[in-house]
Amino acid sequence: MAELTYREAVAEAIAQEMRRDDSVVFLGEDIAKAGGVFKSTVGLWEEFGDLRVRDTPISEQAILGAAMGAAMTGLKPIAEIMFSDFLAVCWDIVCNQIAKSRYMTGGQVDMPLVIRTANGGGARFGAQHSQSVENWAMMIPGIKVVAPSSPADVKGLLAAAIRDPDPVIFFEQKSLYATKGMVPDGEHVDEIGKAKVLRNGDDVTILALALMVPRALEAAERLQLEKGISATVVDIRSLVPLDTKTILSEVIKTGRVVTVEENPRLCGWGAEISSIIAEECFYDLDMPIVRITTPHIPLASADELEDLMIPSVSRIFDTISREVD
Amino acid sequence: MDVLMPQMGETVAEGTLTVWHKSVGDTVSSSDILFEIGTDKVEMEVPALADGVVKEICVEAGETVLVGTKLAVIEEEGIKESIEETYVENQIIDTKKSTDIIAQTNISKRDRIDRSMKLSPVVRKLLAENNLTHNDIKGTGRNGRLKRSDVLSYLEDNKSNKQYLPDTSSRVAEFNDKTIIPFNHRRKMTAEHMVRSKATSPHVLQAVEIDFSKVEKARYQLGPDWKKREGYSLTYLPFIARALCSAIKDFPKLNGHIEEEKLVVFDRVNLAVAIDLDFEGLVAPIIKDADLKGVTEIARAINELAIRARAEKLTADDYLNATYTVSNNGSFGTLITAPIINQPQVAILSTDGVSKRATVIEKDGEDLIAIRPIGILAQSFDHRAIDGSYSGAFMRRLKEILETRNWAEIVS
């Protein structure tokens, strides 16, 4: 085990996979010589060279079009979309082409590609560079959606995404890039579609994703100390496929569920999970489902406003203290 | 229209809503059965009394509420204003409170619900599975809300209490196959009443042997015509009931209620008759003013009560102010039954089997062995109200009336 940052884990995962498989290539804006605008791909160009690590023009459609063609013709491309907000210009190629090709060719065409993108707020980047758009991706049939919360999960899940024969959108949370954690040495591959129970409690089950996971864990510690409320915290990790088995069994244990979501409230991933919980284990609930989300509004770039909008430790703590009776 | 918990008889203050026959959204007509209620005295079906749609159900099945409590709301056909009003009101509240209507609608709606009154799905499930009601357990949540953990710890406590009882579970487990029959509403009511009666009243049993020759003679002479005319047999019971009412005139303290340290004696006899519902329970509706009725009227009244009891058509008024109870076990040929007093009454009589027996009679100064229809009448009385001599004298009087009256002439 070594202590790495979330951003170092990105580069380590890509390097691990490029070393073992020559068909893995990497393209995006400023990812090569500059090492990425978030410095998450430092050292890859130096190790793997121009052919496999390529800077592209500023055109998200060109990046994904090239990645798609490469995937169809036998490579395993990793494409970076610098800010996940820019996926908005990519939806035709993502939704109508990448996600549908295997189905429409009757399984003749594989689409082993990964779209890596920096997602979410907290970095004062304003309304067009701070959105948490995992719910956009979640609603497209034919694409996997992964969002890790720790350096170890970045390494293991990104490696798994690269090896996956189907397209995966891999959301890295910008505000987590500097966070540190212990990461297994050597080859580390995780499994996509498995949620992780990070804390066991008796009173309430908190479902969280990405940046919301460390905040939920901190809130859970405070709830235990200050309110005597003992919370389970589940890191969802993958929205598609969704680990309903773990989620439902953890919900049933406490009978109370709170989702903590960075995406805006309307059609956020927690709404879908709430619907599944209501269908599958309604009779095990001891409290209405509570969703803690960013409101349905454009994000502000002003520090104080952005901090008010995105669920914080104190908002999670306050809401759960109030709702759990 | 608001549907309220009805008044079922004058003395009933609360009732248990046992079953809903309709759910929210169902269309009902005024004659449709909407729900069933049970009190300590009666179970009955209640019709909707309005045409429309069930808009809201305010009381869950199993809850006990005061008379007049709102149970449901039926939106009558053509009347929609109330909904629109509520809708407009909600809109105003929501818009006032917030700039984020979508988020705020949830919060304001939640604020309006008094959650302490609501049972969560898991609590309902646990209560149903364990045959409990929310009244059985104290809620420790906010505003007394009953939480899942309250039910679970109640179940845990009860499990540990059971360890002090003789352990039969291992024996049952050996056989492996068993049937669990949860008490229904009537069974629970009976159980509660019987335990309370035994705990309240020091019961004393006294029995007399009756020679039913005169009654038998009347039944022999009148029975065939009766059966043809009335459609059912003329049994011993109406004769015993008639004799009972006559004897009570001489011993009025038996026709009363015990209220704390007082005995309330009634002028009229409202004779409760225990009726078995084909082994599915027991009810004791009354023959009102039985002391004013003859054998024929009593027989008809008993028959009519039995028919209505088995059709579940008794109302609370059929139980009102019972003053004395008779329990008839004779048809099973029992020798003697020690009945439990129907609270708050003073006494209860059991009539047991009548059979031909050799008995010694005295005729013209000589003892003879005769064959006579003999049966035992047994009375349990509450020793708080009267003593054995009073009850004994009453039994002697009852015996005398049954054995000496010329019943054949009286009835015809």
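Predicted model: local features only at pLDDT ≥ 70, side-chain atom pairs only at ≥ 80, totals over all residues.
Biologist: What makes Ser132(A) a buried residue?

Modeller: The cut-off for a buried residue is 20 or more other C-beta atoms within 10 Å, and Ser132(A) has 29 such neighbours inside that distance, so Ser132(A) counts as buried. The residue sits in the loop between strand S5 (114-119) and helix H6 (134-138) of chain A.

Biologist: Which residues does Ser132(A) touch, if those up to four places away in sequence are not counted?

Modeller: Ser132(A) touches Asn119(A), Gly120(A), Gly121(A), Glu262(A), Asn263(A) and Thr294(A). For one of these, Gly121(A), which is eleven residues away along the chain, the C-alpha atoms are separated by 6.9 Å.

Biologist: And why is Gly186(A) called exposed?

Modeller: A residue is exposed if 12 or fewer other C-beta atoms lie within 10 Å of its own; Gly186(A) has 5, and is therefore exposed. Gly186(A) belongs to the loop between strand S8 (180-183) and strand S9 of chain A. The C-alpha atoms of Gly186(A) and Glu12(A) are separated by 9.7 Å, although these residues are 174 apart along the chain.

Biologist: How do you know that the buried residues of helix H9 of chain A line one face of the helix?

Modeller: The buried residues of H9(A), which covers residues 244-254, are Ile247(A), Glu250(A), Val251(A) and Thr254(A). Viewed down the axis of H9(A), they fall within an arc of 100 degrees, so they line one face.

Biologist: What do the buried residues of H9(A) pack against, and what follows the helix?

Modeller: They pack against strand S9 (196-199), strand S10 (204-208), strand S11 (231-235), strand S13 (257-264) and helix H10 (269-281), which are elements of chain A. H9(A) is followed by Gly255(A), whose phi is positive, near 75 degrees.

Biologist: Which residues of the largest nonpolar core touch the most other members?

Modeller: That core has 103 residues, and the ones that touch the most other members are Leu158(A), Ala161(A), Ile206(A), Ala208(A) and Ala216(A). Leaving aside neighbours within four places in sequence, Leu158(A) is in contact with Val10(A), Ala13(A), Ile14(A) and Phe170(A).

Biologist: In chain B, what makes S5 and S7 the edge strands of their sheet?

Modeller: Four strands of chain B form an open sheet in the order S5-S4-S2-S7, with antiparallel pairing. Strand S5 (43-47) and strand S7 (64-66) of chain B each pair on one side only, and they are the edge strands. From one strand to the next the twist averages 40 degrees.

Biologist: How do you know that S2 and S7 of chain B are paired?

Modeller: Two strands pair if at least two bridges are found between them; strand S2 (residues 14-20) of chain B and S7(B) have three, in the antiparallel sense. In this pairing Gly15(B) stands opposite Val65(B).

Biologist: How many bridges does strand S16 of chain B form with S15 and with S17?

Modeller: Strand S15 (residues 324-328) and strand S16 (residues 347-363) of chain B run parallel and are joined by four bridges, with Val326(B) opposite Leu349(B). S16(B) and strand S17 (residues 366-382) of chain B are antiparallel over 15 bridges, with Ser350(B) opposite Ala378(B). S16(B) and S17(B) form a hairpin with two residues between them, and Asp364(B) in the turn has a positive phi of about 50 degrees.

Biologist: Finally, what does each chain bring to the contact between A and B?

Modeller: The contact takes 14 residues from chain A and 14 residues from chain B. On the side of chain A that touches chain B, eight residues are nonpolar, two polar and four charged.

How values were computed:
Residues numbered from 1 in each chain as written. Chains lettered and ligands numbered in written order. Contact = placed C-beta atoms within 7 Å. Nonpolar A, V, L, I, M, F, W, Y, C, P; charged D, E, K, R; others polar. Arc of directions from axis to C-beta. Core = buried A, V, L, I, M, F, W, Y, C linked by C-beta atoms within 7 Å. Axes fitted to C-alpha atoms, helices over the stretch in contact; angles between N-to-C directions.
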